[in-house]
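Here is a friendly briefing to read with the model open on your screen. Please take a look, then follow the notes below topic by topic.

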Amino acid sequence: MADTVKLPEDSFKPITADDRAALDSEKIAAPSLTFTQDAWRRLKKNRGAWISLIILGIIFIMAFGSLFFSPHNPNAVNPSYANLPSKIPGVNINGFNGTLVQAGERVDAYKQAGASSLHYIMGTDYLGRDLFSRVLYGTRISLIIALVATLFDLTIGVTYGLFSGWKGGRVDTIMQRIIEIILSIPNLVVIVLLILILKPGMTSIIIAIALTSWVNMARLVRAQTLEIKEQEYVLAARTLGESSLKIAFKHLLPNLSSVIIINTMFTIPSAIFFEATLSYIGIGISSPQASLGTLLNDGQKNFQFLPYQMWWPALILCIIMLAFNLLGDGLRDAFDPRTKE
Amino acid sequence: MAKYLAKRIFYLILTLFIVITVTFFLMKLLPGTPLTNQAKLSKSQIALIYQQYGLDKPVWQQYLLYLAGAVKGNFGTSFQFSDQPVSYLLSSRIGPSLQIGLQAMILGVIVGIIIGALGAMRQNTWVDTTTTVVSILGISIPSFVLAVLLQYYLGLKLGWFPIAEWGGFIYTVLPTLALGATPLAESARFVRTEMVDVLSSDYIELAKAKGLSRMGVIYHHALRNSLIPLITIVGPLAVNIMTGSMVVENIFSIPGIGEQFVKSVLTNDYPTIMGLTIIYSFMLCVVLLITDILYGIVDPRIRITGKAN
Amino acid sequence: MDNEKDILEVRNLQVNFKTYAGDVKAIRNVNLDLRKGETLAIVGESGSGKSVTTRTIMGLNATNADIVSGSILYKGQDLLKKSEKEMQAIRGQDIAEIFQDPMTSLDPTMRIGRQIAEPLMVHKGMKKEKALAQALEMMKLVGITDAENRINDYPHQFSGGMRQRIVIAIALINYPEVLIADEPTTALDVTIQAQILNLMKELQDKISTSIIFITHDLGVVAGMADRVAVMYAGKIVEYGTVDEIFYNPKHPYTWGLLSSMPTLDSSGDSLPSIPGTPPDLLDPPTGDAFAARNAYALKIDTEKEPPFFKVSDTHYAATWLLHPDAPKVTPPTQIVERQKKYAKMQKDWLASQKASTPIEEEEEQQ
């Protein structure tokens with residue numbers, strides 16, 4: 001048996017207070033983080049979401065920076081340089097070196113047009129406008145439309161949802177019925193009807209998208225409000241006689257913030273998508289203005305012969321959509337305490 | 001259940017009534033008349049045409065007439081094709097749209113289920129990563145971009161499918177693919193999330209403790225529990241397909257209602273736009289009703305109370 | 001130890017969980033025996049490794065679990081060496097498990113008759129009708145009233161207590177040799193708890209199964225178990241018969257557990273509790289893992305892990321306090337009272353058994 005082993009003499013002295021303190025101090029406590037800090041830390045760990053955030057940042061800076069600095073005037077027509085393919089300095093890959101296949105032979109389109117010294121990194125369109133500048137310009141318009149529309153729908157949706165959830169009862173039932181009716185018509189149909197009434201243009205697109213896409217936000221906020229309303233701390237605030245408005249701003253909104261932020265990340269790409277679809281159909285932005293949708297529409301006409309004219313705007317559109325979706329996913333995971341490792 | 005059904009059908013009718021009313025008066029606000037696109041006509045000719053369309057009557061009378069007509073499926077006469085009633089125009093065009101829409105839905109949901117379930121079963125492996133990539137791409141790439149790419153590469157370059165015609169099944173392949181991508185991605189994502197949740201639940205643990213094989217656990221317990229909630233996203237997916245069809249039908253020159261809608265919008269053919277709006281919301285309402293009832297049938301927890309909530 | 005009678009033997013089991021932070025040493029050298037027909041209770045705080053032990057026996061550990069060493073002998077065969085397919089044949093047939101929360105452990109979309117019948121269909125290859133008929137019998141056995149009409153109901157139509165009866169029916173339908181009950185009453189109301197415990201005892205007699213009963217609640221153990229193993233930080237620190245653990249505990253951790261349990265004659269306003277929290281098993285402390293929380297800790301506790309000291313043939317405890325050189329310490333008053341009661345019990349027992357050879361089972365402390 002083990003008890004026959006000879007042990008040092010002082011082995012059986014009770015441990016001292018110092019020793020005990022040392023034992024206790026070995027425990028490592030996790031640093032306490034606030035909810036936001038914790039979410040931010042987890043977002044940074046999510047590689048997809050983090051890269052998306054950076055890419056979106058770059059796209060924003062370039063799109064809005066082009067207001068002050070643009071390689072070419074996006075609307076400057078130059079028929080002699082029409083339909084030049086992509087030419088990126090220093091890159092000698094077919095498709096990016098200013099050459100294209102004409103009658104079975106690869107020729108330098110820039111030389112033909114007498115523009116050997118010029119570079120259009122995304123090429124030019126059928127009117128000789130610089131595609132890169134137009135894509136930047138179009139991205140800016142698309143982003144503005146999406147952001148403004150989202151801002152509106154955020155305001156409408158959050159207010160509607162908060163009110164409906166907070167009031168409850170009859171008011172809530174009626175407000176939910178209204179939402180159900182709106183949901184029973186496809187969004188795009190409503191948007192088209194609204195644009196027809198308001199006359200096509202940027203403002204009416206923004207209004208139309210804003211007026212239709214708040215429903216989702218309203219439903220989410222309502223559901224969350226119903227839940228939070230029953231929480232003890234809200235009850236406590238009510239018992240203490242705080243006004244509804246104060247409770248809404250002090251207790252409800254902070255707790256709704258994650259739902260709102262996440263949903264916004266999904267509203268923006270859907271607004272961009274609607275704008276692109278409208279412009280693609282032909283009732284969106286009209287020329288000489290451009291958006292990603294109109295650029296796609298223009299590019300698609302010549303896709304068989306000049307595929308780059310559609311590829312570039314399509315690529316940018318998909319990257320923006322992808323980045324917002326990934327960021328939204330990442331934020332959802334970051335805000336959801338269940339995914340905490 | 002019967003009571004619930006009656007209530008739901010009442011709401012459906014009420015919703016359609018409101019949709020008809022709102023569209024009617026919105027259309028009255030619109031600028032332009034059927035004659036905007038016509039050459040100069042004499043006063044008597046205009047009066048005649050107004051009479052033909054019933055535009056000479058007071059608005060409330062027009063509304064009642066329209067409502068009475070709509071109940072019977074009569075949405076007036078198209079402005080664009082002055083000899084065609086809207087109902088005829090639509091009924092001749094709804095077939096292709098339904099075919100492509102249903103095909104896209106079935107393809108998307110079935111493939112989505114398979115991909116999503118595989119992703120959940122092989123969580124955190126390359127299979128799962130592929131699932132995630134496919135679903136995020138499918139959600140991010142607009143259907144019209146995909147449609148153009150499919151048309152060019154599979155249709156024109158490889159010549160596998162006809163490009164922009166309408167005929168037999170082969171003509172529906174590309175549009176179905178273009179429209180089905182988003183439902184596929186959405187359902188794959190949904191099924192994966194649900195199934196990951198289900199697989200970590202206690203009753204799956206119990207099923208394993210019973211000695212069921214891996215496939216037995218998946219087939220008898222995990223699959224059913226993860227697929228039931230999928231019914232709730234069929235409605236939104238239907239909206240997605242309807243929206244997508246407007247552009248996709250245009251790209252592939254399909255004589256469907258989506259293509260007609262765009263055409264009508266561009267030519268200010270208000271009676272047709274109204275008719276289509278009503279048709280679209282009718283279809284959506286029916287889909288939502290069916291999915292709600294279906295959910296009640298397949299989920300025992302809802303069956304008893306008879307209320308989906 | 002009489003190996004003939006052992007149906008399940010766990011030897012030197014070590015299980016780690018691989019996490020991003022490192023290996024969590026969840027089970028650190030555990031030995032257990034389960035005799036035929038007995039109930040062995042494993043008692044310990046949450047995170048002490050009791051559930052991991054049973055999961056390992058079932059072969060149902062999470063994918064990041066790594067069985068470092070050890071063996072689990074079921075009827076002489078090592079379960080750890082069996083393939084997944086062989087384990088499937090054992091699970092639900094020879095070894096069954098009852099889970100903690102009856103509200104979540106039944107499939108919400110499957111009729112309960114089918115759920116109870118499933119193990120029969122899987123293991124005995126029974127046709128559905130026959131299996132359902134047997135399931136009905138089992139439903140009656142576990143006390144589900146109106147079983148004929150309820151066999152086609154869904155779980156949400158039953159109360160928590162009834163659901164736990166269904167879970168028990170599922171576990172027992174194949175008359176398993178070993179039943180693992182992982183805190184089967186924790187999620188239930190106190191009155192229902194007693195019913196379920198009685199049911200389990202009753203069925204144990206009828207079916208003659210051995211039970212491993214996992215709990216953190218010593219109160220439940222007293223009426224249920226034959227033997228008790230106390231677990232702390234991935235190790236068993238003391239084991240013995242239920243009387244030995246209740247009335248003559250030797251390990252300071254067991255003292256703590258017992259003192260924090262309310263009894264009829266516990267006086268005073270507050271129950272004593274064990275200070276501190278269990279150690280981080282990512283990096284278990286050297287020596288006795290309980291030392292930091294132990295008011296009786298010795299210097300050696302921080303240096304060397306205590307081996308098992310024999311108290312009686314059936315009673316062992318891993319604490320240096322039992323070393324012959326260790327200073328005599330006075331346990332908490334409650335424990336002393338328990339020991340006195342135990343001594344009296346022994347004396348009474350001896351008095352009544354005068355004829356037979358008196359066995360000095362226990363040396364009284366002090």
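A:I144 sits in helix 5 of chain A, where helices (H or I, at least four residues) and strands (E, at least two) are DSSP runs numbered from the N terminus. This is a predicted model, in which local features need pLDDT of at least 70 and side-chain atom pairs count only at pLDDT 80 or more, while totals for chains, interfaces and linings use all residues. Residues are numbered from 1 along each chain as its sequence is written, chains are lettered from A and ligands numbered from 1 in the order in which they are written, and side-chain values use heavy atoms, with hydrogens and water left out.

**A:I144 and its surroundings**

- With a relative accessible area of 26%, A:I144 is partly exposed; buried means under 20% relative accessible area, exposed over 50%, and partly exposed in between, using a 1.4 Å probe and protein chains only.
- Not counting residues up to four places away in sequence, A:I144 touches A:F64, A:A149 and A:M202, a contact being heavy atoms within 4.5 Å.
- A:I144 and A:L194 are 50 residues apart along the chain, and their C-alpha atoms are separated by 19 Å.

**Chain A as a whole**

- Chain A holds twelve helices and two strands.
- Along the sequence, the elements of chain A follow the pattern α-α-α-β-β-α-α-α-α-α-α-α-α-α.
- Of the 341 residues in chain A, 48% are buried.
- When contacts in chain A between residues at least 6 apart in sequence are considered, 72% join residues at least 24 apart.
- Chain A has an accessible surface of about 16,900 Å², and 63% of that belongs to carbon and sulfur atoms; accessible areas come from the Shrake-Rupley method with a 1.4 Å probe, and for residues only the protein chains shown count as cover.

**Helix 11 of chain A**

- Helix 11 of chain A (residues 292-301) is largely enclosed by the rest of the structure, because seven of its ten residues are buried.
- The buried residues in this helix of chain A are A:L292, A:G293, A:T294, A:L295, A:L296, A:N297 and A:G299.
- What do these buried residues of helix 11 of chain A pack against? They meet helix 5 (131-167), helix 10 (244-281) and helix 12 (308-335) of chain A, together with helix 6 (143-157) of chain B.

**Chain B as a whole**

- Chain B comes to 13 helices and zero strands.
- The C-alpha trace of chain B spans about 85 × 55 × 30 Å along its principal axes.
- Of the 309 residues in chain B, 52% are buried.
- Among contacts in chain B between residues at least 6 apart in sequence, those joining residues at least 24 apart make up 72%.
- About 14,200 Å² of accessible surface belongs to chain B, with 67% of it on carbon and sulfur atoms.

- B:S226 lies in helix 9 (residues 214-227) of chain B, and its relative accessibility of 0% makes it count as buried.
- Leaving aside neighbours within four places in sequence, B:S226 is in contact with B:E194, B:M195 and B:V198.
- Most residues other than glycine have a negative phi.
- B:S253 is not a glycine, yet has a positive phi of about 50 degrees; B:S253 is placed in the loop between helix 10 (234-251) and helix 11 (257-266) of chain B and is partly exposed at 37%.
- B:N268, also a residue other than glycine, has a positive phi near 55 degrees; B:N268 lies in the loop between helix 11 and helix 12 (270-298) of chain B and is partly exposed at 31% relative accessibility.

**Cysteines**

- A:C318 counts as buried at 16% relative accessibility, and B:C285 counts as buried at 7%.

**A helix pair in chain C**

- The axes of helix 10 (residues 252-259) and helix 11 (residues 333-352) of chain C come within 9 Å and cross at roughly 95 degrees. Axes are lines fitted to C-alpha atoms, for helices over the stretch in contact, and angles run from 0 to 180 degrees between N-to-C directions.
- Helix 10 and helix 11 of chain C are therefore roughly perpendicular to each other; angles under 35 degrees count as roughly parallel, over 145 as roughly antiparallel, 65 to 115 as roughly perpendicular and the rest as oblique.
- On the helix 10 side, C:W255, C:L258 and C:S259 meet C:Q334, C:I335 and C:R338 of helix 11 in chain C.
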